[in-house]
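Please prepare a short briefing on the structure below, grouped by topic and with cut-offs stated.

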Amino acid sequence: MECPLNGGLRSRDDVAAWCLQLLGAVEACLSPAGARLRNAPVAANYSAAVAGMEGCTRPLWAVSALLRGGFAYAGWTRFAEGIANGTDPKHPEFWVYPGDCDQRLVEICPVAAAICLAPQYFWRPFSDRQQNHVVAWLQAAAARRYHDNNWLFFRVMVAMALESVGARAQTSQVDADLDRIESFHVRAGWYSDGPDGVVDYYNSHALHYYGLLYAWLFGERDRARAARFKERAAQFSESFQYWFAPDGAAVPFGRSLTYRFAEAAFWSSAALCGCVDYGLAKGILLRSLRRWRSLPIFSDSGLLTLGYGYPNLNMTEQYNSPASPYWAMKSFLPLALPATHDFWTAPEAPLPDASPKERHPAKCMVSCRSGSHIFLLTGGEKRLPPFRHAAEKYAKFAYSSAFAFNIPTASRGLSAAAIDSMLAVSADSQTFNVRGESRWMEMRGDEIFCGWSPLAGVDVVTALIASPPWHVRIHVLATSIKVLAVEGGFAVEYDPEGPPEALAGAGTVLSAAGLSWIRDLNGNRKSVNIVMDPNGNLNFGHSAVPALVGVCGPGRHVFACAVAAWPVCDRPTSIPTAPRFECADDAFTLRSADGSVTLAQGTMVAIPR
């Protein structure tokens, strides 16, 4: 059964109307001079003044798309006024010239894009004095040092804006930056975010997004590079489409998830260049927008809040200010296309039929599809980025479109640990350690193997085997100390005052959101259900996790479990029987429930006995 889709947002005019509604809320909260957004006093690792600039500039992605597409929007004058005042050194709301690796270098990018997309609104109306101020600010930004990652695209956009208005721009630096960005390409259209960066949604809403915008606006100056950007985007789409469920939900994974519907911004930029099927791109984008519009993600004044499925500061990064979620406005880029464009005339296409398992060649990851549920299995990261809760955002065994992950909201105790889709190990039953960085990882076919250490004296080799709707986890744990080992399935919504049958037997949690289930396959762990601390889950204020608990003395232990979850629209009338697991030394065989079909077999990489 396919989950029902949210209504509305079917046409170009529908999308524009919602975009205007979002912009109206921003416009009402702009400062008197328009150069800053007045928002909640929540701090980021940059000043409140820069956060205010962020709130003025990030909505420009939508404003400039609307105007280029011919829509009437009187509020553009407030944003133009903000640009003029923000770049004026003598104005009280002056943005201040940026330094090296300054957050202002990020926030000027939408201004540069607006000048390129809609110069009749964001350049020509300015007086000579105002134009000189804008050019001076852009040239100051172009001269600074940028982080060696997706930030290089910000300098490219600044240079292109300068070039478009006839000002001095260092084109040799543009070509060097673009060459450097292309060196981040790993394979099959996937990039790392910098030479040692992680692979996450920055592929879609940053690296591909800017590359396709560059190809659309400036392809004639650099045809060969524009063609490469389009070709890589087409390759990327072939696997990225499997991160989206039929109801529009994407799999929350990695950092910057507070950008929300920026998850689907790739499909917006791909629409410009025709490098993917228009019906596919339109379907994924509009289903995503419909889903996000239905969620409680707005403040009383209509502004986007920090959080994911609901307002939640716990999951944010140190670089998130109250205005940061407006990176989501990148998703409105197709409004720049005319109503007659093939993107808008094409019918929404459903997700294509596909294998229930898809490998991601640039990452040790497999995406799985079971009905309306999408989940990813991952080997983790050899090097975690320096962000809050990085292990929870990158190193869980599985990530789900329907059952978002948990982060820890306290330092001690099992209910505080984010044990969903993790094996947590504790020497004192109070402090739990999970997979952080993987020492090694590899793929054998579509099976994932990795080695990691949660504690000194404890080493683990893990195998992840996809067999949708299940996935099976096998762990060989060697320890020199006595530890408590707790392994969680997917986290699911839990109502503290709901019916007691929600905890429907040990290892099973049932709620209005669906059913989550975990089963021990070799009989050496106890099944339990654990109610988590509030506000730890990205989608649910209250959540519970089915789990397995075992005590390990010094020595070598083998654990195996089957894990599955079903959204409410897919929930079975009875739970299918789990696969059979057989293990002798390090050789394992996974068979169908009746033993007739071999699902997987192999040998675990040996660890010290």
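Predicted model: local features only at pLDDT ≥ 70, side-chain atom pairs only at ≥ 80, totals over all residues.

Residues are numbered from 1 along each chain as its sequence is written, and side-chain values use heavy atoms, with hydrogens and water left out. Helices (H or I, at least four residues) and strands (E, at least two) are DSSP runs numbered from the N terminus.

**Largest pocket**

- The largest pocket holds about 760 Å³ of space.
- Of its 33 lining residues, Asn149, Trp151, Asp193, Arg255 and Phe387 are the closest to the pocket centre.
- A pocket is an open set of points on a 1 Å grid over the protein atoms alone, where a 1.4 Å probe fits, with protein on both sides within 12 Å along at least five of seven lines; lining residues have an atom within 4 Å of a point.
- Grid points are joined across faces, edges and corners, and the volume is the space filled by probe spheres set on the points.
- Helices α5 (103-107) and α11 (202-218) each give at least two residues to the lining of the largest pocket, and α11 has the largest share with 4 residues.
- By class, the lining of the largest pocket has 17 nonpolar, 9 polar and 7 charged residues. Here Ala, Val, Leu, Ile, Met, Phe, Trp, Tyr, Cys and Pro count as nonpolar, Asp, Glu, Lys and Arg as charged, and the others, Gly among them, as polar.

- Helix α1 (residues 12-28) has 17 residues and spans 24 Å from its first C-alpha to its last, close to the expected 24 Å. The expected span is 1.5 Å times one less than the number of residues.
- The buried residues of α1 are Arg12, Val15, Ala16, Trp18, Cys19, Leu22, Leu23, Ala25 and Val26. Buried means under 20% relative accessible area, exposed over 50%, and partly exposed in between (1.4 Å probe, protein chains only).
- An α-helix has 3.6 residues a turn, so residues three or four places apart point the same way.
- Among the elements covering the buried residues of α1 are α2 (48-57), α3 (60-68), α4 (76-86), α14 (278-293) and α15 (342-345).
- Helix α2 is largely enclosed by the rest of the structure, because 8 of its 10 residues are buried. These are Val50, Ala51, Gly52, Met53, Glu54, Gly55, Cys56 and Thr57.
- The cover over the buried residues of α2 includes α1, α3, α4, α5, α6 (109-117) and α8 (128-142).

**Buried polar and charged side chains**

- Glu381 lies in the loop between β5 (373-378) and α16 (390-394) and is buried at 9% relative accessible area.
- The side chain of Glu381 makes a polar contact with that of Lys363 at 2.3 Å. A polar contact is a pair of N or O atoms within 3.5 Å; within protein, one must be able to donate a hydrogen and the other to accept it, and residues adjacent in sequence count only if both atoms are side-chain atoms.
- Beyond four places in sequence, the contacts of Glu381 (heavy atoms within 4.5 Å) include Val198, Val199, Tyr394 and Met441.
- His373, in strand β5, is buried at 2% relative accessibility.
- A polar atom of the His373 side chain lies 3.2 Å from the backbone oxygen of Ala565. Not counting residues up to four places away in sequence, His373 also touches other residues, including Phe403, Phe490 and Asp570.
- Ser269 in helix α13 (residues 265-273) is buried, with a relative accessible area of 0%.
- The Ser269 side chain reaches the backbone oxygen of Phe266 at 2.9 Å. Leaving aside neighbours within four places in sequence, Ser269 is in contact with His208, Tyr209, Leu212 and Leu333.

**Backbone geometry**

- Most residues other than glycine have a negative phi, and most peptide bonds are trans.
- The Pro468 to Pro469 peptide bond is cis, with omega near 10 degrees; Pro469 is in the loop between β10 (458-467) and β11 (470-479).
- Ser256 is not a glycine but has a positive phi of about 60 degrees. Ser256 sits in the loop between α12 (223-240) and α13 and is buried at 2% relative accessible area.
- Ser429, also not a glycine, has a positive phi of about 65 degrees. Ser429 sits in the loop between β7 (423-426) and β8 (440-444) and is partly exposed at 39% relative accessibility.
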